[in-house]
Each structure stands twice: as structure tokens, then as C-alpha cells.
Amino acid sequence: MTTIPIENIRNFSIVAHIDHGKSTLADRLIQLTGGLSAREMTEQVLDSMDIEKERGITIKAQTVRLNYKAHDGKTYILNLMDTPGHVDFAYEVSRSLAACEGSLLVVDASQGVEAQTLANVYHALDASHEIVTVLNKVDLPAAEPERVKQQIEDVIGLDASEAVPISAKTGLNIEAVLEAIVTRLPSPKGDVSAPLKALLVDSWYDAYLGVIVLVRIIDGQIKKGMKVKMMGTDATYEVERCGVFTPKMVNMDVLTPGEVGFITASIKEVADTRVGDTITEDKKPCAQMLAGFKPVQPVVFCGLFPVDAADFEDLRAAMGRLRLNDASFSFEMESSAALGFGFRCGFLGLLHLEIVQERLSREFDLNLIATAPSVVYDIKMRNGDLVHLHNPADMPDPMHIEEINEPWIRATILTPDEYLGSVIKLCQDRRGEQIDLSYVGSRAKVIYDLPLNEVVFDFYDRLKSVSKGYASFDYVIREYRPGDLVKLSMLVNAEPVDALSMLVHRTRAESRGRTMCEKLKDLIPPHMFVIPVQAAIGGKIIARETVRAMRKDVTAKCYGGDVSRKRKLLDKQKEGKKRMRQFGKVEIPQEAFIAALKMDN
Amino acid sequence: MLGKLKPVEPTYDAGFGVYVHWPFCQAKCPYCDFNSHVRHVKVNQQLYIDAFQREMKHMAELAPNRVVNTIFLGGGTPSLMDPATVAAVLDGIAGNWQVAPDVEVTLEANPTSVEAERFKGYRLAGVNRISMGIQALNNTDLKALGRTHSVDEAMQAVATAASIFDRYSFDLIYARPNQTVESWSAELHMAIERAAEHLSLYQLTIEDETPFKKLYTAGKLILPDEETSRQLYDITQEICEKHNLPSYEISNYARKGSECRHNMVYWRYGEYAGVGPGAHGRLVTQKGRAAFAIEKNPEKWLEYVAQDGHGIVEEEQLSLEAQGDEFLLMGLRLVEGIDPKRFTALSGRRLDDERITDLVNERLVEITSEGRIRVTLTGFPVLDAVVADLAA
Ligand SMILES: Nc1nc2c(ncn2[C@@H]2O[C@H](COP(=O)(O)OP(=O)(O)OP(=O)(O)O)[C@@H](O)[C@H]2O)c(=O)[nH]1
Ligand SMILES: C[S@@+](CC[C@H](N)C(=O)[O-])C[C@H]1O[C@@H](n2cnc3c(N)ncnc32)[C@H](O)[C@@H]1O
Ligand code: SF4
Ligand SMILES: [Mg+2]
């Protein structure tokens, strides 16, 4: 590849609410610029993990370098970063934004502006990005590009007069998007003769090449054989190869200012690299480090246990391997009376939890039980001890507890005025304290302090539903505050199910207990006998439901002497029964654990 | 406990049966997943006779010196066999094993007029019991089930069978779409009037890869709900019991002493040789109890037999666990239940006492005065769960 002047480089992130078509647009851009041949192309080609393909969502941001010959006759290098739309993976978006000068904002022309549209635009503006807006899915009969344009102006306050109407699916107007990128987004700036200064955007593990580091060159250049230093961790490495993704991996001799590409340098573990770190040349370091990123903090915790205790070591190995590629997931060993040995794991949110769990069971063929998601509580004991409680099951006897402290967040919620009432009600119901209410253009901005424990289960879902998807939500963890919390236990067939116990505020215990009972009643399949489901605080039952008994499960047709087929079915059932032993006589399906907690009241 | 396995625990001898599978039918019924094939050219029965005989010889080498207590010609539609074919098959059996003087020889028949005409010939060939697939006693449902016979034709066939055989039985499928407790009870009463000593009453099962499964998945075939299906089962027990045809197995009803002895061999987990396309067998050889499955495709089977003298495509030495499971799956279908000591002899472990106690407390299972464990009338409708519970 010949070197191209920095003026001809454009770096941009594609941002949008979930499912508005970012990855599909990326497909079209790759296709039109010839990055992949028709034969190599698949749908959402950048979503390379199985789980991404299956769920049709992006989890991991991806970078591609495209060559585009524009109408002005010049050839441009476009570095495209496709980002995830789901809020659990918002940190992926902020990293990508930091590596670019512009954003391509995709808005679904039938759905209009949604929560993550707003959140992402504000992040892009914070990163001083120029924004090119495209209205996607205009091929749909329900598309209303004009209305959505108006909405973008009213709700976000962005000039939408030049928004490009496109269909990423049919390929309509994609060329216009490329022209808009070239003419409306700025080129990066940088000094090729200055000492090397590069941003460590991302890193992941590749079975063949080891750790691959995604970098954005700010100043100077990076070359094969160069000894580089990670300024934050103070480690030095020799660059083995550098190059770009087209999206295929292509080696290059050198990466220069404005370019986005990869390096490999015999780095053993992803944990050795710190996303947001500054990479410089060891013998000629740059004067100042880049600002870096806020570290990602797991906010939701849950226990993961092998169904079969013999799988514990396999689970440990699987978690280690998964973490190689997903540093945002953390785990430490724990043991539970009912579930034996397992791990307490930290996640970025419920979707992240679900995905990790699914990858563990699928990629590593492990059968798992997940316990109720929870946050970390600080418990002051009467004897002066301080206990960090990650797991409600370990809650000490209330008699010995002086005080329980729980994490609170400060949430910023932007919502169209018409939903303000419902949003406020939701926050009040979740023990929120209003801090501020103001208007940004036509949108209301409410700031609330909320206990994180009220947020981890289903707050996003509720917020989305009460605001028809228009409210956006962002938060920071603030402090620990004392709270009147009690342990709510769930009893199935009179036996406590550790994995379902949780700490709740006393005033909310009864209604939560009732909803849990109702939920479990529907989630536990009928057994041969009637199953009582109860919620209790201490020894006191506060809610009760029953799972009716199964009435019939056989048709008992004739199989002649072919009992092999029935035996295979029995093998499956037996597996379920093995797991069931852990809850006395009742088989609680794994899905029930997460589903029971994803409830609304 | 886990010592060497003896060939058939002598005290538990549940008999030896030979099953012969005839894999052809006039038309394929949309609910059926049995190994049945429709051929538009006439089947050359001589080829099959030869192959049956060769395969039987092979089975007799695997399980020599047995005394055959029961023979079952099943299908498919064995009533499409010429009586001469049946005679040759029975001769083949007699040539390879010793046959008990009171051997039961059942042939499965479809109740069309053409087939009923052959009943006499079957009798002469040595068949002494006939089992007819009648399935329904109203023409609309027969049509919906894809059957090629009418109620009248079926009743005619029953009359013919009654005039020729001492022992006959027929099958009905119930819990059909739209069936109510009232309509089924009327139909069952009518069936009992025509029945002699034995009835098989199966609830409709939607099997994978059948046209019924497609309809069912598409929501175009609606089965009675769980509660109705339970009531249908309960009323079936009640009516049959009242008419002196008590259930002796989850789906089979007979006067005392008139049970199908061949099926009892399966359910008591005896030994049986399976011959013909798609047949299954369980034989106890030097190495222990083994499961055999035969190639299902008729033409391929002919080829295999010509080449190797048998069409066995699967042979599995059953583990102790598998034997225990099969014993429970089969034995708990029977009203007489199982002997837990035999379970231990087969599987090398004891049934979990705590689980038995739980099941007894739920009245799903009871322990007889001889110490047998049997499923109760309340337990039968949830038999799958009971078996899984005991097997786990
Ligand atoms: N009709 C129509 N459908 C589209 C268009 N663009 C995308 N889609 C569909 O919208 C769905 C979501 O598209 P994606 O490209 O995966 O959306 P995304 O924004 O990358 O989603 P996340 O990465 O999960 O945030 C897919 O089913 C696409 O086929 C379009 O222009 N027209
Ligand atoms: C081996 S089959 C078929 C015998 C014979 N060809 C006939 O159709 O009459 C024996 C019996 O199983 C029953 N059967 C077959 N398929 C069934 C299904 N899907 N559900 C319930 N019973 C079924 C029928 O009552 C049938 O008579
Ligand atoms: S039900 Fe009987 S007749 Fe119908 S296809 Fe099956 S075996 Fe043949
Ligand atoms: Mg995507």
C-alpha cells in the first residue's frame, strides 16, 4: 500500500441505537469499496462471533480500513469502527470514539430517535466529533424520514438538513454516505516526525498470533522491529508485525499518524495490556501521556456453578479462556451450601451476564446454574468487623449486623417531556432521590440518586417501556449509604433456594416476594406433585403460590422391542434430575433463575 | 455386586420371543413413524423369505438353544404377506430353534376386506392370534388418520377374525383432535362390544418427521389439552375395568390370562430376536446383554443379508446402567410392576429408597405384598416422570 497523505484519511465510528443497522451499513461500505469480494461477504460480516451472528447484535467493536476513490478524484483511507448498540457494551463505543474524529450516526427512519441514539450522540459530541447523520431503512413502508429528521432536530438538537436517506439493506444511497464522510468529516492531525504517540484502543487474544493490539497513531510512526513502551504499565515490547484490517489482516511496514491498525509484540495475555494506555517508542518517548479511559467496572454480580460438581475445574479453565478475550468480565471462586463450588462473577449488565453464560455453556459445553444478580454490600458487624457481601446467600445473621451499606449511583436520564411523569414515578418507586430537573432544548434532564440494587434487575427495561424507548440513561457509581435491607429467601417445596435469595429494602420486600412467587410459579414446570413456592424474611412467610401437579406426560404408544429410543430420551431426563437433586425434589430450569429476576411489577 | 454377568438370570426367565418385521404398507399413515415403506411395484416375497431365513440362522447362532415361546409378525403391514410367505417364515423359525408347544403366534393386520380374505390362510400357516389396527370407529376420523378402510370394513374384518381365530385383538388410537370424553367413551363402549379378550388403546403421539408433526407445529392440528387427555385416560381405565378388560399394561387391556405374551416378553425384559428390516432385538450372549438393530431400508437390508448373512447395523453391549434403565422403562409399564431385586441384578445398584418413599407418599407407586414395585393408576399418566425419577 502506498502512503497516503494524512489529509486523505477519515476515521469514524458508526453509532446508533441497537438494531438500527450499523453493522449492515458497514457491510455495504465494505462491499462498495471492494474490501471483500461478493463471495467473501456474509450478512453483518463484522459480527464474527457465533453469538453475535445468532442474536444479530454486535458485542465487540470492529475496525476496518477501506480505500475509497471519491468524486474529487482522490483516494481516501477510511477507517470504519462498527460499535455495539446495547448499553452494556457502551464502553466499546467510547473507546472507538476516542480513536476517531467523526461519527456516522445511524437512525432507523421508522423507529426514530431512541435512548442509545441520544446517549451515543452526546458521547460523540463530548469527543468533539463531527457527525454525519444517515436515516436508515427507508425501504421499509413504515419509514418516515421527514418526521425523523424533524425529531433529530427537536430532540437531539442536531442539524438534520443534510441527513442522508439510505437503505443499508438494499444498498440505496451508500455512495452518498461515502461522499459525506469524505467531504464533511475532518481529517486527523498529527506530526510524523514527533516521537511515537499511539492510543491503545483495544486488545484481544488470537489463538495463532497471541495478543493483538489495536492502535491509533497520534504522532510519529510505528514499525516492525521497533521497541515500544506502554507508558501506563511501563512494559516494553518489540513489535513483531503491524498492519491493518481490510477486514482481512494485512501486514504493513509502518503505521503513520491518523492511521488505525494493529500490532503484535509477543504479549502473553490481554491482561498485560491496558486499554486507553499510551504506546511510545522506548528510546524516544513522547512527553505526555494521553488521557486514557475510565476503567470499566463490573456492576452486576452473580454466582455461576457447574451443575455437575465434577466440572468445576473445567469451568475454571473455561472462565480463564473467556477472560482472555473479554477483560470486562471478572470472577473469583466461591462456595455455596446448596450449589457447591463455583465462581462469583462480575458483569457490565444483564445482557453481558446472559452472553457470558451462554458462551460458557456453548463454547465449553458446560452446564451451569446462575444465581440471582446482585451488587456488593458493605456490612458493618456488631463486633466491628467489616464484611463485603457479594452474595446474598452469605448474609450474616441479622442479629450480629450493625449496619448494611449499599452502593448508590447518580443517574442522568434524558427524556422527552411527555414521558417525564412516568420516568419520575419509576425512579421514585425504586427509592430514588431527585437531585435536579432541567431542560435541554425540548428534553427534560432528570438527575436521580438511586440504589444500584434497584437498577440491576430490570430498570433499563422498565425505563425503556415507560418512555417508549426515548429515555436515555447513563450513570456513575457514587457512594455507599446505609439502608434498611433484609434478606428475602425463596423456598421451593419448603426448601430454601440459595441461588434465588436477595437483599431488598424492607419496604419493597413484600411486593418483590409476591412477584417472585408468581414468576416462579410459571417458570417451574409441573412436577408429579404440587409444589409450594414461598417467599420469606427470616422465618416469616410473606408470599406463597403453588405449582400445580403434572396431569399427564405420556401417550404410551407401542414401541415394540425398540426401547433404545426411549432410553436416549430417559438419559436427557436423568440429566435434568441430577441437577434437580440440588434443590431437593424440584427441578428448576436454569432459565428460571435469570427470568425470575427480570421482572417488572 | 458388579461381578460378571450371567447369561439370563435363571430365576427371572421372562421367555424368548422372535419378532419378524414386514416393512411394507399400502399407504403411509400421516401419524406413523414405524419402519414402513410404500412400493409401487409388487414386492418379490421370495427374496424376503430367503433373507428372513438367512438372518434367522444368524440370530440362532448368536442365541442358540432357546425355546421360542412367542412369535410376532409386525410391521408395516404383515397382512400384505402371502400366507405362503408367513408359512415359510414360521418354518424358518422352527428350523433354527426349538418351538414351545403352546407357542403364541401373532400377526398384525390392517382391517381391509382384501386382507381379511387371507386370514384363513394365516391360520393354516400357523398363526393363532391376530391383532388388527382399527384405530377409530368413525369414518371421519379414519379419514383424518389417513386410513384406507371404513368402520364397516373393519367390523367385517373383526367378524372374520372372530370366526377363524380363538384369540384376536384390535388397536384404537384415542386423544385424537377434537375428541371429547363423551365421544370417546361412546366409541370405546362400541369397541368393547366387538372385542374378545384383548384391546390396545394408544393415545395419539405426534412423532417427529411425520406429516402430523408439521400440521401440529403449524397449529393446524390441535390435540386435547393436558387435562382432557388425562380425563380420557382415566375414563378408559374405568370403562375397560368395568367391562372385565382391566389394564395389564399402560395401554393394553385384557381378560385375565389373555395378555399378549409376546409383548410381555418385552415388558418383562426377556430375550427376543428381531429379524427383518428395522427390527430390534435384545439377546444375552457370552459378553452379556446386547441390543441389536437391523437396517431399516428393505432393499439395503436384502443386500446386507445377501453379503453378510444378516442386516445388523447396530450392536451395543448394554452397560449396567443401560440395562437398569431399559428394565425400568419396560417393566414399569406393567400393572404387575417390577421386582427390585432383578433391577439390582441387572444394574448393579439398588433403587433409591428415599425416592421410592417419596413416590409412595405421592401415591404414584406402591409396593405389593411380594415386594414388587408398581406404578398406580394415578402414576401411569405421569409414567415418564416416575421412571426418570427412579432411574436418576
Ligand atoms: N428493511 C431494512 N432492514 C435493515 C436495514 N438495515 C439493517 N436492517 C436490518 O435491521 C436488523 C439490525 O441490523 P444490524 O446491522 O445488525 O444492526 P446494528 O445496529 O448493527 O445492531 P447492534 O450491533 O446490535 O446494535 C437486521 O435484521 C438487518 O437486516 C435497511 O436498510 N432496511
Ligand atoms: C406397528 S403399528 C401399526 C400396525 C398396522 N400397520 C396398522 O397400522 O394397523 C401398531 C399400532 O401402533 C399404534 N400407533 C401407530 N402410530 C401411532 C401414533 N403416532 N400414536 C399412537 N399410536 C400409534 C396404532 O394403533 C397401530 O395399530
Ligand atoms: S400405521 Fe400401520 S398402516 Fe399406517 S403406515 Fe404405519 S405401519 Fe403402515
Ligand atoms: Mg451491529
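A crossing of two helices is called right-handed if the near helix is turned clockwise from the far one by less than a right angle, and left-handed if anticlockwise. That term is needed at the first stop. The model is predicted.

**Stop 1: a helix pair in chain A**

Select helix H3 (residues 90-98) and helix H4 (residues 115-126) of chain A. Their axes come within 10 Å and cross at roughly 30 degrees. Angles under 35 degrees count as roughly parallel, so H3(A) is roughly parallel to H4(A). The crossing of H3(A) and H4(A) is right-handed. Now show side chains: H3(A) makes the contact with A:Val93, A:Ser94 and A:Leu97, and H4(A) makes it with A:Asn120, A:His123 and A:Ala124. Sorted by class, the contact of H3(A) with H4(A) holds 3 nonpolar and 3 polar residues, and no charged ones.

**Stop 2: the six-stranded sheet of chain A**

Next, colour strands S1 to S6 of chain A. These 6 strands make an open sheet with mixed pairing, and the order across it is S2-S3-S1-S4-S5-S6. Which strands stand at the edges? They are strand S2 (62-69) and strand S6 (164-165) of chain A; each has a single partner strand, so one side of each lacks a neighbour in the sheet.

Strand S5 (residues 130-136) of chain A pairs with S6(A) in the parallel sense, over 2 bridges. To find the pairing, select A:Leu135, whose bridge partner in S6(A) is A:Pro165.

H1(A) lies across strand S1 (9-16), S2, strand S3 (75-82), strand S4 (102-108) and S5 of chain A, and runs at about 155 degrees to S3(A).

**Stop 3: ligand 1**

Keep H1(A) on screen and select ligand 1. Helix H1 (residues 22-32) of chain A gives the largest share of the shell around ligand 1, namely 3 residues. The shell has 21 residues in total, and the closest are A:Gly21, A:Ser23, A:Ile57, A:Thr58 and A:Gly85. By class, the shell around ligand 1 has 10 polar, 6 nonpolar and 5 charged residues.

**Stop 4: the antiparallel sheet of chain A**

Move on to strands S7, S8, S10 to S13, S15 and S16 of chain A. Here 8 strands form an open sheet with antiparallel pairing, in the order S11-S10-S16-S7-S8-S15-S12-S13. At its edges are strand S11 (235-238) and strand S13 (249-252) of chain A, each of which pairs on one side only. From one strand to the next, the twist averages 40 degrees.

Within this sheet, select strand S7 (residues 197-206) and strand S16 (residues 278-281) of chain A; they run antiparallel and are joined by 2 bridges. A:Leu199 stands opposite A:Thr278 in S16(A).

**Stop 5: where the chains meet**

Show both chains. How many residues does each chain give to the contact? Chain B supplies 42 residues and chain A supplies 24 residues. On the side of chain B that touches chain A, the elements giving two or more residues include strand S6 (198-203), helix H9 (226-242), helix H12 (320-331) and helix H15 (383-391) of chain B. H15(B) gives the most to that side, with 8 residues. By class, that side of chain B has 22 nonpolar, 11 charged and 9 polar residues.

The axes of H12(B) and H15(B) come within 10 Å and cross at roughly 150 degrees. Angles over 145 degrees count as roughly antiparallel, so H12(B) is roughly antiparallel to H15(B). The crossing of H12(B) and H15(B) is right-handed. B:Asp325, B:Leu328 and B:Leu329 in H12(B) meet B:Val387, B:Leu390 and B:Ala391 in H15(B). The contact of H12(B) with H15(B) has 5 nonpolar residues, 1 charged and no polar.

**Stop 6**

Select ligand 2. Residues from chains A and B surround ligand 2, so the site is shared between chains. Of the 19 residues around ligand 2, the closest are A:Lys557, B:Gly133, B:Asp171, B:Tyr202 and B:Thr205. Strand S2 (67-75), strand S4 (129-135) and strand S5 (167-174) of chain B each give at least two residues to the shell around ligand 2.

Finish at ligand 3. The residues around ligand 3 include B:Cys25, B:Lys28, B:Cys29, B:Cys32 and B:Gly133. By class, the shell around ligand 3 has 6 polar, 4 nonpolar and 1 charged residues.

Terms used: Residues are numbered from 1 along each chain as its sequence is written. Chains are lettered from A and ligands numbered from 1 in the order in which they are written. This is a predicted model: local features need pLDDT of at least 70, side-chain atom pairs count only at pLDDT 80 or more; totals for chains, interfaces and linings use all residues. Two residues are in contact if their C-beta atoms, placed from the backbone, lie within 7 Å. Helices (H or I, at least four residues) and strands (E, at least two) are DSSP runs, numbered from the N terminus. Ala, Val, Leu, Ile, Met, Phe, Trp, Tyr, Cys and Pro count as nonpolar, Asp, Glu, Lys and Arg as charged, and the others, Gly among them, as polar. A residue is near a molecule or strand if its C-beta atom, placed from the backbone, lies within 6 Å of it. Two strands pair if DSSP finds at least two bridges between them. Axes are lines fitted to C-alpha atoms, for helices over the stretch in contact, and angles run from 0 to 180 degrees between N-to-C directions. Angles under 35 degrees count as roughly parallel, over 145 as roughly antiparallel, 65 to 115 as roughly perpendicular and the rest as oblique.
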